[in-house]
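Here are a few notes to read alongside the structure. Take them one at a time, and find each residue as you go.

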Amino acid sequence: SNSDSLVLSGVTAALNNSLFHCVVSGTCGAPVQSASVVLTVQNPPAFTQQPANLQACEGSSVQFVTLATGSDVWQWEFSNDGGLSFQNVANAAPFSGATSSTLTVNPVASNMQDWVFRVKASGCGQEITSANAVLGLLPELSLQPIPAEVIRCEGESLQIPIQADNAISYQWEINTGGGFQPLLNTVGVNGENTANLWITNMPASWHQAKIRCRVTGECTTLFSTILTVNVHGWPILLAQPMVTPICSGSSFLLPVLAQGIGIQYQWEILDENGDFIPLNLTGFTGVESPDLSIESTSDMNGFILRCVLSGCDAEVATDSIPLIILENEPVYIPNSFTPNEDQINEEFRLFTAGNPKLDASIYSRWGDLIYNWSDTNKGWDGKLNGEFVAEGMYVYKIKVETACETKNYTGRIQVIR
């Protein structure tokens, strides 16, 4: 302290900001004082907060944070071999703050699983190294698809499980026509916040409803595939099918009026053993629908049909339905007769089966009406006003009307004595 150099040994923090100056004295003149200097005492670097292990989602951002005293230089390092070797972190994407107390990683890449980070802090000519901090990647959420469609009868139960890896929460949702809404824990609904949804009393109003699950993981939220619910009902027969006599060759429908979503129809025919069997004959289409289409032929006359309605393990059969197929009978008109009272071939009449409507007339060769009749069981006896007409040719005009058609016949009849 009495020389031109001052040496301090064992400097302590108590001397921080102390002022020093030197007073110089000589033999001539008064002493002089130097300028003052301030002593700043720095502590050696020491960590007060070590970096912590972190877990992050791929694509997210994380920060490794340290605190230290006595350090004014920082350098972060990383190891991608489990801490066997380290290399300096550069201030380039995805890193920032590589030379500060806080290192930011943005975004976290998929290959950074188990990377090790540490920081070196320097001050007062000393360098210290922090503890290692490991970066772990949180597991990705993944879902398996749920069924695309299920069929249930009204009142039945339904379980819908979903297989999800790394899920932390579930919320089942339903769309009955107004968009997806969360399913609530109401009567008949259980497990709406679990991996297994239970419906214990399927309502008919859920027919064609869409159901999905919103699953949340550590890093993301995913929606499952969509399941469509088909709610079937029991078959209810509202009206028996009715059939009327049909002419051969015509087409007609035999409808069944029924109620019930998803019911199935099967038309059947009575076989020769007296058993109803599925209908599978030419001329019949729509045998598995409520409307049976028939292209009628005379062979179908007398067929006995019925329709069996089934659904939800129940069956309902219609009454037996006999088919009545009408066919025009041939008409035979003779070309002569002998009205001579010998009781042989005494009348001119037409011959046909059934009982068609008849309008028959006989005319002279000059067009005069001689006789008219409408009874198929009768005919012309060859008389005009009670007297036999002369031999010769006469003209007939006959109209025959059946249930299926009306035909007109015109020709000549010869009267022979």
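Over the ring of which residue does the charged end of Lys-397 sit? Please keep in mind that this is a predicted model.

1. The ring belongs to Tyr-363, and the charged end of Lys-397 is 5.6 Å from its centre. You can find another such arrangement at Phe-223, where the charged end of Arg-212 sits over the ring, 4.0 Å from its centre.

2. Now look for the open sheet of three strands, ordered β18-β23-β22 with antiparallel pairing. β18 (158-161) and β22 (189-190) each have a single partner strand, so one side of each has no neighbour in the sheet. Two bridges join β22 to β23 (residues 196-199), and Val-189 faces Ile-199 of β23.

3. Next comes the largest nonpolar core, which has 24 residues; Leu-197 and Trp-172 are among those touching the most other members. β18, β20 (167-175), β23, β24 (209-217) and β26 (227-232) each give two or more residues to this core, and β24 gives the most, with four.

4. A separate core of 22 residues includes Val-62, Phe-64, Ala-98 and Val-108.

5. Finally, the aromatic rings: the count comes to 15 pairs. One of them is the tilted pair of Trp-115 and Phe-117, 6.4 Å centre to centre with 40° between the planes. Trp-115 is buried at 12% relative accessible area, and Phe-117 is buried at 0%. Ring pairs also link a cluster that includes Phe-337, Trp-373 and Tyr-396.

Methods. Residues numbered from 1 in each chain as written. Predicted model: local features only at pLDDT ≥ 70, side-chain atom pairs only at ≥ 80, totals over all residues. Heavy atoms only, no water. Pairing = 2+ DSSP bridges. Core = buried A, V, L, I, M, F, W, Y, C linked by side-chain atoms within 4.5 Å. Buried < 20%, exposed > 50% of the residue type's maximum accessible area, 1.4 Å probe, protein only. Phe/Tyr/Trp six-rings, centres within 6.5 Å; stacked < 30°, edge-to-face > 60°. Lys NZ or Arg CZ within 6 Å of the ring centre and 35° of its normal.
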